[in-house]
Amino acid sequence: MLKYSAADVETIRKSGLFDENWYLRQYPDVTHLGMNPIEHYLWLGWVLGRDPSPTFSTRYYLDVNPDVARQKLNPLLHYARVGKSENRTCRPSTERTDCKRIIERYVPKWDTTREAELLASLERASVNTAPTKVSIIMPTRNRGGCIGRAIKSILEQSHDNWELIVVDDGSDDDTSERVRSFQDDRIKYHRHDKGRGVSAARNTALKHIGGDWVFFLDSDNTWRPQHIERLLRFASSRDLSAAYCAANLIDDAGKTRAVLFSEFDFESCLELNFIDLNTFCVKSSLARIGFDESLRRLVDWDYILRIAAQTRVQGARFIGVDYYDGTNLPRITNTEYVTKPDLNKSMEYIRDRARSTLMSSSRPARSNAKPQIAVVFHVYHKNIAPDCLQYVDNIPHEYDLFITTSHPGDDPEIEALRRAHPRATVFRFPNTGADIGPFLSLTSTLCNYDLVCKVHTKRNVGKWGNLWRDYFLYSMLGSEHISDQIIDAFRTDPDLCLAGPAEFFKEGRRNSVAPTWEQVKKFAIACGHEQDINKTWGFFAGTMLWLRPAILLKLARHVYDTPSYNTVFQSDGAPEHGLERMIGLAAMQNPNAKVALASVQADGAIDLSVVPPTKSALEGVSQTLDRLLPRKLDLSPKLPRAQRTTVSRAASAPWSMRIPALTEVSLKISTIIPTYNQEEYIGGAIESALKQRGNFVHEILVANDGSTDGTQAVIDSYCRQYPDIVRSIGGDDNIGISKNFWRSFDAASGSFVAVLEGDDYWTADDKLQAQSEFLISNPDCSMVFSMIEVHDIQRDTRKVLERQAALKKSKLDGSDFLADPNMNLIANFSCCMFRSGLIKTLPTVLFEKRLNEIALAFHLDRYGKIGFINRVMSVYRQHPQGVWTGSDRRAQLSSGLEARKTACALARDEYKGAIRSVIEQKFITPLAQMESRESNGSPRSDQSHASTLS
């Protein structure tokens, strides 16, 4: 029985929104059925998403009016009877808009916590920058009054392998005398007889450079003492050829006006510069492109853009430069191109040349070099993001992660995601262009990578749920082997342009409804692909894929420069749907183009076939999903089954403390063993770690801190016996216990990190399994520790700590630690397991003195409860050579005082008063009494009260 009446037909006819002839031309099957077109639309057409005319969009109306969709009302009937009078819209706006990044160039309040996190990671990085020679270019003219401060800031640099090339551009003050007053052979002075401009001065300097890297410092600015070292560490650790940091902008009174910094993307920098040359460094081979001497202003911007068009550029979020931004001194900014027409003309000249450099740069495929990989991850559905990143973690090479999102910059879930992935860069975009808009906006930045993997939080769809999304992700990133198969295919075949799941590589023309095809034709003509449009070519329906980004430069350039997106989302025929297909068509510009298609086998393996773009499927997406649904494939990211464990996730936990919600996921645990001169004990520690059993992948990282006994020989023997598990990450130099912890945390690659000090050992073979299960089951906990047994070697006694035995709760907070007289419920790192995302981003202050359990606990209390397992799992050896036990009472009190001062600095505000009381009563007063006794001639007591473990 047909569910419409004569009155319904009449309402549709009178609406003026049904074009019967257009409907019959658009959908010829209606003619074959012999039905009246209005009756067909009322019966079936609207269910199929068909439009009654070009002036009414069925799917759009249902999308933007979920009340109509829920009640399963005919959309045109609803609009004619109710919607029109309620001012509801019946089709997307034809107004176009762009999709450009939302950017803040001048930061009024600098995030010192994020800066500390980055600096801590740079300190931990195993990078030796000392041999790297740096050439510093300083142009100057009549700066005798300030050039001395600039040079002094160079002399104070922690990195001392440099040469300073000063080029005096015809000064007539005492600049020359000021420079020559510095008696340092590394300073080289050159002079122009008359002023030729700042670009000419810098070009003169470039002719004399002898360093590996080039830095720039103007004579009215200064560097902070570790500027060179930190920027070199940043660039080296990320394999960059150019980098920059933040500039502290100061006025004539020396006060901060703002901080100049933003994360780099080429198009945003092309819009307006946010990199000062004083913060910039570049490898010498690229630096020699030189400065444009025809420009009288904006030369720094022009130079940086031309370099960025040819290589990856990234910003380091630390302040390295104090930049004079006052008005007392004559500056180019205030004297050149001061009228708006002149300035605009110069800016357009610079932009046009930068675009031309970008489009013409040759980027041959690099078959032998380490691949430079970027992942662009668009986050709209935030709850799905952790699941997607679990797949991304299967890329077996270093990669740069770019997160694009329309969510606000202070969104707690986006911030937690960034904290869990410290090297990720988060870009904000307006909610326009879906996932493909931000991706194409970043293409000019991405084209300096060999490969890009594009993923997004594709929502669940109807009866198919997450099948579509997970099929894409598994086919591309299901395991390290799958990812490596695809990457290797690109490495060995320079004609390979795209890769993705075979099931969703669809034929472009046959899988496009008429409005979508119109979008494709429009973009193809604009980008010069009209000669290919009628050929057979395919696209990945779902826009998750691997690709060579350079193939999209023409398309991205057009879309970025021309508003291309509707202001209101539409479900079909949108520009986004045309662009999805254009990614496939863009590959056709290479006449030998190939596509890698991944087919998922029944056992989860991938069959990868490299084919021409013509090998696309006619089958529609719905039919493909219907066919795949009964297969019930295990599409979770995985390692071999023996290395997997079943986990669950609490939806409310912060992302940095979650395990993805998959039926089965691979769990990796890192055990770090810091050691120094523990030849007698280190073997027992490693043996106890090797005995650990459970459903996880285990890596053991032994960090020898320059031992002078036979410790390293013992470590080497275990590395030879167990090369797949045990790895030595130490060195010959003694860097100290805190820095040794630091580098160990940085080297750990597991989801959880356990500590085992080199003179301790574990007694429970399931310690790691038990603690990891606890953290998985309790995502509100930031770490977990268990009971320890204290073994006094000298007295040959063993006992558990009473303070731990008395604990009745499995989740603790700062108040529980303050209830203990010593504030130390953990007592020994060897009983601890941490979440990797938190332990890798600890603040620098924790490592300034000796890293200690008390301060660390109060810091982690900010991120979650402190878990406790009431069971002895490890042994803490007390012996005269121990760091704590081997100290006298004064040293123990001083160390304890520093530990609690650090804890006070990091603790929540509600705990600070109580901590100060403990500091006064337990440490400051005893130390003062000790000083008083000694000043009165009383004998000093060196008795060690190590058993208090304070």
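Helices (H or I, at least four residues) and strands (E, at least two) are DSSP runs, numbered from the N terminus. Residues are numbered from 1 along each chain as its sequence is written. This is a predicted model, in which local features need pLDDT of at least 70, side-chain atom pairs count only at pLDDT 80 or more, and totals for chains, interfaces and linings use all residues.

**Confidence**

The predictor's confidence in each residue is its pLDDT, on a scale from 0 to 100. The protein chain averages 87, and 90% of the residues score at least 70. Contact means heavy atoms within 4.5 Å. Over residues 640–665 pLDDT also stays under 50, with 77 such contacts. Where pLDDT is low, the predicted coordinates should not be read in detail.

**Two loop residues with positive phi**

Aspartate 239 sits in the loop between α12 and β8 (242–250). Its phi is near 55 degrees, a positive value in a residue other than glycine. Aspartate 239 is partly exposed, at 36% relative accessibility. The classes are buried (under 20% relative accessible area), exposed (over 50%) and partly exposed (in between), with a 1.4 Å probe and protein chains only.

Lysine 72 lies in the loop between α6 (66–70) and α7. Lysine 72 is not a glycine either, yet has a positive phi of about 55 degrees. With a relative accessible area of 66%, lysine 72 is exposed.

**Helix pairs**

Two packed helices are described by the angle between their axes and the distance between the axes. Axes are lines fitted to C-alpha atoms, for helices over the stretch in contact, and angles run from 0 to 180 degrees between N-to-C directions.

| Helix pair | Angle | Axis distance |
|---|---|---|
| α8 (residues 112–124) and α30 (residues 737–747) | about 95 degrees | 8 Å |
| α1 (residues 6–15) and α7 (residues 75–83) | about 70 degrees | 10 Å |

Angles under 35 degrees count as roughly parallel, over 145 as roughly antiparallel, 65 to 115 as roughly perpendicular and the rest as oblique. Helices α8 and α30 are therefore roughly perpendicular. From α8, the contact uses Leu119, Ala120, Ser121, Glu123 and Arg124; from α30, Lys739, Trp742, Arg743 and Asp746. By class, this contact of α8 with α30 has three nonpolar, one polar and five charged residues. Here Ala, Val, Leu, Ile, Met, Phe, Trp, Tyr, Cys and Pro count as nonpolar, Asp, Glu, Lys and Arg as charged, and the others, Gly among them, as polar.

The angle in the table makes α1 roughly perpendicular to α7. Ala7, Asp8, Thr11, Ile12 and Ser15 of α1 meet Leu76, Leu77, Ala80 and Arg81 of α7. The contact of α1 with α7 divides into five nonpolar, two polar and two charged residues.

**Single residues**

Histidine 859 belongs to helix α36 (residues 853–860). Histidine 859 is buried, at 6% relative accessibility. Beyond its neighbours within four places in sequence, histidine 859 contacts Leu842, Pro843, Leu846 and Leu906.

Serine 236 is in helix α12 (residues 227–237). At 37% relative accessibility, serine 236 is partly exposed. Serine 236 and asparagine 128 are 108 residues apart in sequence but 8.9 Å apart in space, C-alpha to C-alpha.

**Cysteines**

A disulfide is a pair of cysteine sulfur atoms within 2.5 Å. By this rule there are zero disulfides. For cysteine 146, the nearest cysteine sulfur is that of cysteine 245, 19 Å away. Cysteine 146 is buried, with a relative accessible area of 7%. For cysteine 781, the nearest cysteine sulfur is that of cysteine 832, 13 Å away. Cysteine 781 is buried too, at 0%.

Conventions. Side-chain values use heavy atoms; hydrogens and water are left out.
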